[in-house]
Structure formats: structure tokens, C-alpha cells
Amino acid sequence: MLFMSKKVKIILPIFAFLAIFYVIIASRPLSPEIQFVPVWTVDLEAYTKTENLEGQPEDFENAVSFKMGQTLGYFTPEGKILSYITFPYKATISDLSYTLYGTSSSEMQILSPANEEIGKISVTGFPYFTADRKFIFLAGGSSFSKLSEKGEVEWTHEGFSPITAFSSSKTGTVAGFANGTVLGFDNDGNITHNYNPGGSNYEVILGAAISESSKFIATLSGQDGQRFVISKKNNTDYGEHTSIVFYKSMEKEVNRQVLIKFSRDEKKVFYNNATGIGIVNTKTFKNTEIPIKGKILSILESEDENEIFVLSKNGSTYTVSTIESFDAFQGSFSFDAESACIAVKGNSLFVGRDGKISRIDIVHR
């Protein structure tokens, strides 16, 4: 017994020391968690009945655009509604301008957030505004024109196969066609990429995106052998050429147009697939899959590039999902609505839902 008592006296301090040492070396500071902080909610119809919609010049410089159902307009990050417009048929809007049009409009006004005329489009077709860029898809569906700020035609591409995918960045434009062809253009309309992703029995481009520098183009294409492809523009001694640097065959296929988007720093590309959203690192070509039900409508990046916000729709249910560090799912919230939209300004997320807009700030605690 005396021997056992001495043994316990020796062992207990050793175990106590080891336990304390383990706690010290194993402890790690917890990484901050993302939190959504509601700031304000505005009922657009009630607001426009009681408030004056005239804004100051500085309000319009920082205006955020929205488009829900048959309404569109602008508001400030502080919750002041600058304009609230209903339209009978079609419209396109960016933070800098908008236009309303019909099925055969031969002349369309381009208006600023302050409802002042910037210019006119005198070409029949379907206009598309994004950021500071303007385009119009021409009758027949196989041709499009790049427009100036005032709506004048700068250049036109005339094709013979229907355009099935389209995207633009600061330095270029990409168009995908029903025959499986992908064309990239610089800002002067010169063709910089021309290739077919291939690999499918029925070649059609369902989605396309071009990176900010036009270095990369990504596409989802084909039926019966659908694949996601990333191509890269290379400069060599014998000139520029486009080569495929990544492709992934889809186990499940979609038969509709899909959304694809590069991050601003071009390090990641996001694409809608049959199971949700795929994310490819353009340096390591690691592919991450995050399940999201329904069709993805918007993919937006926070100003500090830490978060990606995804708006999706499944039936009448809309879901806003948050992805952090570009491939880590952080959570989501859902709501039922007839129409919805999201926007990002700074590090604030704005969610539109059936005539109401809410501001949600993102903080890490």
C-alpha cells in the first residue's frame, strides 16, 4: 500500500502537468463568425406615397439599383428611395442608367438614376445594361451591338447561330452560341477568342463568363456529355492563342441557361450546375461543390472580397446563401415571394422582396 501511495503521488503531478500543457498548446483563438445585422427595411409603395423622391446630387452618385417584377428604381445605402418606376413590358437597369422598351421599340430613352435623359438607342432590339456597359441584342437573336454611354452603336457582331450565353467585363465580352462556338471580343470589337469547348453530342453554350482582364473564359456547355470548361489566353512567340486549362464532366446535366461569374481578382470562378454551385480555383484548379436548390439568379461579391452572396429560386421560394473565403458555405436564409433581387454596396447586402427592400450589414465577431 505504501508503494502504491508513493506511485500515485508521482503519477498525479505528471498527468496534471501534461493536461495543462495540452490545453496550452491545443488552444486556438476562434475565428470570427459572420453575422447578419438588420439595419432598415423600406416598403416602397408606402414610402413613395408619403415621402418626396427628389434626391440631392450626392445621393445619385452612390445610388443602388433594383428591379423586381414590373418595378425598378434607385435608393441610397441609407434607405432613401430616389425613384420607383413601374413598367408594362421590359426594362434593363444598372447603377448608372436604365431604359424601358417593348417588343418592337425603334427608339429607347437612356435615363439616369435622376430620370434625366443621357441618350437614345435608335436600333430595334433588346438592350442589356451592366455596370458602365451597354449592349443591344438585334432581331433574329444571332447578332448584337456594343453601345456607347449615349446609346450610339460602337461596333456590331453579326452571326448566324442564335446567341445562348453572354457576359462582359471591363476589358472584354464573351458570347456563346447554339452551335457550340465561343467568341471573345475586346472593347473595340476585335475577336480575341474563337473556339468550341466540344465533348458533347449536342453542342450548345448554356452559360459563359469572361474575367476582368479577359485572360480567362469559362463556359458550361452541351447536352449528353455536358462539361464545364475554363480557357486561358496565352501570349507566345507566335502570337496569342486560347487553350483549355480545365474541364469537368457533369454527372447530372441541366437543360437551361446558367449563370457563371469570375471573382474580381480572377482567382475563382463560380458556376451554376444541376446540384447547386461549383467553384474552381484558377491557380490550383481545385473544384468545390456547394449544394443549392433551384436556379441561381445572382452571384455578387462584397467590396472587401471576403463574401459571395448567391440568390437562388426553387419554385416560389428564394434563398440567399453566403459563401466565405470563396469556397466555405456560411449559411443561408429563405423566403417566399413573387419577385426578389439582391444588391451589394460596400459590405452591405440589400435584399428586395415583393416591394420591400432591406439592408443587412455583414460583421465578423
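Visitor: How many bridges join strand 26 to strand 27, and do the two run parallel or antiparallel?

Guide: Strands of a sheet pair through backbone hydrogen bonds, either parallel or antiparallel. This is a predicted model. In it, strand 26 (residues 307-314) and strand 27 (residues 317-324) run antiparallel and are joined by eight bridges. As for positions, K313 faces Y318 in strand 27.

Visitor: In what order do the strands of the open sheet stand?

Guide: The order is 25-26-27-28, four strands with antiparallel pairing. Strand 25 (295-301) and strand 28 (328-336) are the edges, each pairing on one side only. On average, neighbouring strands here are turned by 20° against each other, direction ignored.

Visitor: Which residues have the most contacts inside the largest nonpolar core?

Guide: They are A218, L220, F228, I230, I260, V269 and V280, in a core of 17 residues. At least two residues of this core come from each of strand 17 (202-210), strand 18 (216-223), strand 19 (227-236), strand 21 (260-262) and strand 22 (268-272). Take V269 as a case: beyond its neighbours within four places in sequence, V269 is in contact with residues including A218, F228, I230, I260 and V280.

Visitor: Now a loop residue. Is S94 buried or exposed?

Guide: S94 has a relative accessible area of 5%, so S94 is buried, the cut-off being under 20%. S94 belongs to the loop between strand 5 (90-93) and strand 6 (98-101).

Visitor: What does the side chain of S94 reach?

Guide: The backbone oxygen of A131, at 3.2 Å. Neighbours within four places in sequence aside, S94 is in contact with S65, Y74, F129, T130 and A131.

How values were computed
Residues numbered from 1 in each chain as written. Predicted model: local features only at pLDDT ≥ 70, side-chain atom pairs only at ≥ 80, totals over all residues. Heavy atoms only, no water. Buried < 20%, exposed > 50% of the residue type's maximum accessible area, 1.4 Å probe, protein only. Polar contact = N/O pair within 3.5 Å; in protein donor to acceptor, adjacent residues only side chain to side chain. Contact = heavy atoms within 4.5 Å. Core = buried A, V, L, I, M, F, W, Y, C linked by side-chain atoms within 4.5 Å. Pairing = 2+ DSSP bridges. Axes fitted to C-alpha atoms, helices over the stretch in contact; angles between N-to-C directions.
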